[in-house]
Structure formats: structure tokens, C-alpha cells
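Please look at the sequence and the model first, then read on.

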Amino acid sequence: MARLPLARMPAAPSSANQQERYQRILAAAIRLGKDTDFERVQMQDVAAGADVAIATLYRYFPSKAHLFVSVMNAQLDLIDPAGLQVDPEKPRADAVCDLLAEMTRSMTRHRRLSMSMMQSIILAQDSVDSARIESRFLQMVLGISGWGEDPTEDQRRRAWLVIQCWFGVLMTTLNGNRPVEAADADIRRACELLLAD
């Protein structure tokens, strides 16, 4: 899949009014994304659903991929940090697997929207927001595994491999080619292999 050229950096909302418009755009993209495949989502429809001018939409989101990457970042903002605390009684592989399994189940509830977000991460791979998502997933896995304070290069690499494995399994599951239960078993095995002491 080709990457999108980024002609310019997206604007960041600075005032309360701009922030409110920005949030309306994200909400409209979520509404459309739940019922419409990524290829069929039209930026004009997002702008209309958010009650903003199309120029305003493109000011914050240079492309549809950048829009759905921002939707993914907004969804990650909703994760409760309390749920990412290390449980010393739980084996590392189980803790990470439980986190990723819950995220898989959550994302399969709205398959179209989740596919749009995942496709966009790939398409906008060179964007700041896409890199931020990858970093956030890495920090989540390192944190819940107990490696968050000062991970070694090997620990970082193993956590990164778990995330990449999960991304692949998640894409297959969202496509309908793998049941959620099988995806859970796949991720559990990957965590056992990659996160063992």
C-alpha cells in the first residue's frame, strides 16, 4: 500500500472554538466510519456532518488517512491509565495478552471504523500522529509488562514485535478471516514466546 505524501503539516486547534470544531470533525468521522468503508467515506460528508467548511476540515486533516489516524489517537486517549498498571501477581505475558485481547474485542465491535483507523496508520505512516500511535502502543506494552521504567533494547524489541504481531492478527480478524477467539489464542502464544523471562 502506498504512503501518502504530506504536502504540509496539519494545523493544530489553538482556541476553544477551534478545539470545538476539531472535536466535531472527529465525532463526524467516527459516525461515518462506523457505517461506511474507508474507501467510501467522503471528506465532504465529514465536513457536512461536523457542520464545518471543507477548507476547515482540510486545515486540520490534509487527507482522509490523517483524519482517521487522529480518530485513533482520540480513541487511545479514552483508555483509563488505571487499567495499565503493573499487577505483580500476574505473569507478564498474561498481562500484555489481556490488554491486547480487550483492545481486539473493543475494535471488533465497530469493524469498519477500526479498519479505517488501521488502514490510515499504514497510509499515513510518515505522519507525526501515526508515529505517536506506534509510540503509545509501545509504551502501553512496556508499562503493563513491568519494563516501562528503563527498558533494555532487547525488551523494547520484544515489546515491539508483540505489537506488530497483534497488528497483523487484528487486521485479519477485522477482515473477518479469523474469529476473535482464535485471535486471542494467537496473541497469547506470541506473548508467551516473546515476553518470557
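## A salt bridge between two helices

R105 and D184 form a salt bridge, with their closest N and O atoms 3.2 Å apart. A salt bridge here is a side-chain nitrogen of Lys or Arg within 4 Å of a carboxyl oxygen of Asp or Glu. Because R105 lies in helix α5 (residues 92-108) and D184 in helix α9 (residues 180-195), the pair ties together parts that are 79 residues apart in sequence. Helices are DSSP runs of H or I with at least four residues, numbered from the N terminus.

Salt bridges that share partners also join K90, D94, D98 and R188 into one network. Side chains of opposite charge can pair when their charged atoms come close.

## Basis of the model

The structure is a predicted model, in which local features need pLDDT of at least 70 and side-chain atom pairs count only at pLDDT 80 or more, while totals for chains, interfaces and linings use all residues. Residues are numbered from 1 along each chain as its sequence is written, and side-chain values use heavy atoms, with hydrogens and water left out.

The predictor's confidence in each residue, pLDDT, runs from 0 to 100. Its mean over the chain is 91, and 96% of the residues reach 70 or more. Confidence is lowest in helix α7 (residues 128-145), at a mean of 90, and highest in helix α2 (residues 43-50), at 98. Over residues 1-6 the pLDDT is below 50, and this stretch has 13 contacts in the model beyond near neighbours in sequence. A contact means heavy atoms within 4.5 Å.

## Salt bridges within helices

The count of salt bridges comes to 13. Besides its bridge to D184, R105 meets E102 in a salt bridge of 3.6 Å, N to O. R105 is partly exposed at 32% relative accessibility, and E102 is partly exposed at 38%. Buried means under 20% relative accessible area, exposed over 50%, and partly exposed in between, using a 1.4 Å probe and protein chains only.

Another pair, R24 and E20, is found in helix α1 (residues 16-35), where the two residues are four apart, about one turn of the helix. Their side chains meet in a salt bridge of 2.5 Å, N to O. R24 is partly exposed at 27%, and E20 is partly exposed at 40%.

## Helix α4

The expected span is 1.5 Å times one less than the number of residues. Eleven of the 14 residues are buried, so α4 is largely enclosed by the rest of the structure. Among them are H66, L67, F68, V69 and M72.

The buried residues of α4 pack against α1, α2, α5, α6 (111-123) and α7. At the N-terminal end, S63 caps α4, with a side-chain oxygen 3.3 Å from the backbone nitrogen of A65.

## Helix α7

Helix α7 has 18 residues and reaches 26 Å from its first C-alpha to its last, close to the expected 26 Å. Its buried residues include I133, F137, L138 and V141. The buried residues of α7 pack against α4, α5, α6 and α8. After the helix comes G146, whose phi is positive, near 90°.

## The nonpolar core

A nonpolar core is a set of buried Ala, Val, Leu, Ile, Met, Phe, Trp, Tyr and Cys residues joined through side-chain atoms within 4.5 Å. The largest one has 59 residues, and those with the most contacts inside it are I25, F61, L67, M72, M118, F137 and W166. Helix α8 (residues 153-174) supplies the largest share of this core, nine residues.

Leaving aside neighbours within four places in sequence, I25 is in contact with V46, A50, V52, L57, Y60, F61 and L67.

## The loop residue D37

D37 is placed in the loop between α1 and α2 and is partly exposed, at 34% relative accessibility. Its C-alpha atom is 8.0 Å from that of M115, 78 residues away along the chain.

Not counting residues up to four places away in sequence, D37 touches R112 and S116. The side chains of D37 and R112 are joined by a polar contact of 3.0 Å. A polar contact is a pair of N or O atoms within 3.5 Å; within protein, one must be able to donate a hydrogen and the other to accept it, and residues adjacent in sequence count only if both atoms are side-chain atoms.
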